[in-house]
Amino acid sequence: MNRVPLEQKVLSENDRIAASLRERFREHDVLCLNLISSPGSGKTSLLERTLGALSGDERVAVLTGDIQTENDAARLRRFGYPVKQITTGGTCHLDARMIDRHLADWKLEDLDILFIENVGNLVCPSSYDLGEAAKIVVLSVAEGEDKPLKYPSIFFKSELLILNKIDLLPYVPFDAELAEENARRVHPGMKILRVSCLTGAGFPEWLTWLEDRRYDYQQLLAEPVV
Ligand SMILES: Nc1nc2c(ncn2[C@@H]2O[C@H](COP(=O)(O)OP(=O)(O)OP(=O)(O)O)[C@@H](O)[C@H]2O)c(=O)[nH]1
Ligand SMILES: [Mg+2]
């Protein structure tokens, strides 16, 4: 079997759908953010605390991906925002077609921010463009500070690293400075935020980042096309 051309065909089909999604997000001024991490680093916890910090009037929605279960969607629906679970049935990443299909009955003009929580995996999701404005990688302090060096692609492609579970730093042998140095070896100048979804440490900075990112996105959309 000729594996490389088949993989290229799948990815170019994905890129075509992702480009059309990106165009639609731009047209309707929706900031789409793709959250990626290993299983259990805290993507859903980050979204729970983020939705919990909003006033309720924000036009925010979440698509959350998992291989099985609706658990994450159930956790996130409690906050009253539109949430849909995407169960891939075995696939280790979300792809643009899944996003397109699950957005079919949502009106993009009613949204300002769309969060996508990818399937827990540091490898496969990095190859699939979902039409997002930015990828965000979450790494928790229980995972080892070498992860940016072992899984460089996702750290290179992500605009922001959220270093989560910093409340555990006193209990685990994790050198946060070294982890950040490793991330910046792969992605010089990478923005990094240290947070704890348990205590809320770092959340003011994360919410400010979100606000600034939305502002930058709107400025970009306002620029004349040359
Ligand atoms: N101590 C501590 N635990 C956390 C923190 N954030 C998340 N957790 C715990 O870590 C576990 C996994 O968190 P989730 O939010 O489900 O992680 P996830 O990345 O969404 O996991 P998948 O969707 O399965 O990939 C849960 O037991 C959380 O309560 C944190 O900042 N500190
Ligand atoms: Mg989750």
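Trp206 has 0% relative accessibility, so it counts as buried (buried is under 20% relative accessible area, exposed over 50% and partly exposed in between, with a 1.4 Å probe and protein chains only). Trp209 is buried too, at 10%. The model is a predicted one, in which local features need pLDDT of at least 70, side-chain atom pairs count only at pLDDT 80 or more, and totals for chains, interfaces and linings use all residues. Side-chain values use heavy atoms, with hydrogens and water left out, and residues are numbered from 1 along each chain as its sequence is written.

Searching the whole structure turns up 1 aromatic pair. That pair is Trp206 with Trp209, and it is stacked, with 5.8 Å centre to centre and 15° between the planes (rings of Phe, Tyr and Trp, the last by its six-membered ring, pair if their centres lie within 6.5 Å; planes under 30 degrees apart are stacked, over 60 edge-to-face, the rest tilted). Both sit in helix α8 (residues 203-222), and because they are 3 residues apart there, about one helical turn separates them.

As for the fold, the protein has 8 helices and 7 strands (DSSP runs numbered from the N terminus: H or I of at least four residues for helices, E of at least two for strands). Its radius of gyration is 17 Å, close to the 17 Å from the globule rule for 226 residues, so the protein is as compact as a globular protein of that length (taken over C-alpha atoms; the rule is 2.2 Å times the number of residues to the power 0.38). Buried residues account for 49% of the 226.

Notes:
Chains are lettered from A and ligands numbered from 1 in the order in which they are written.
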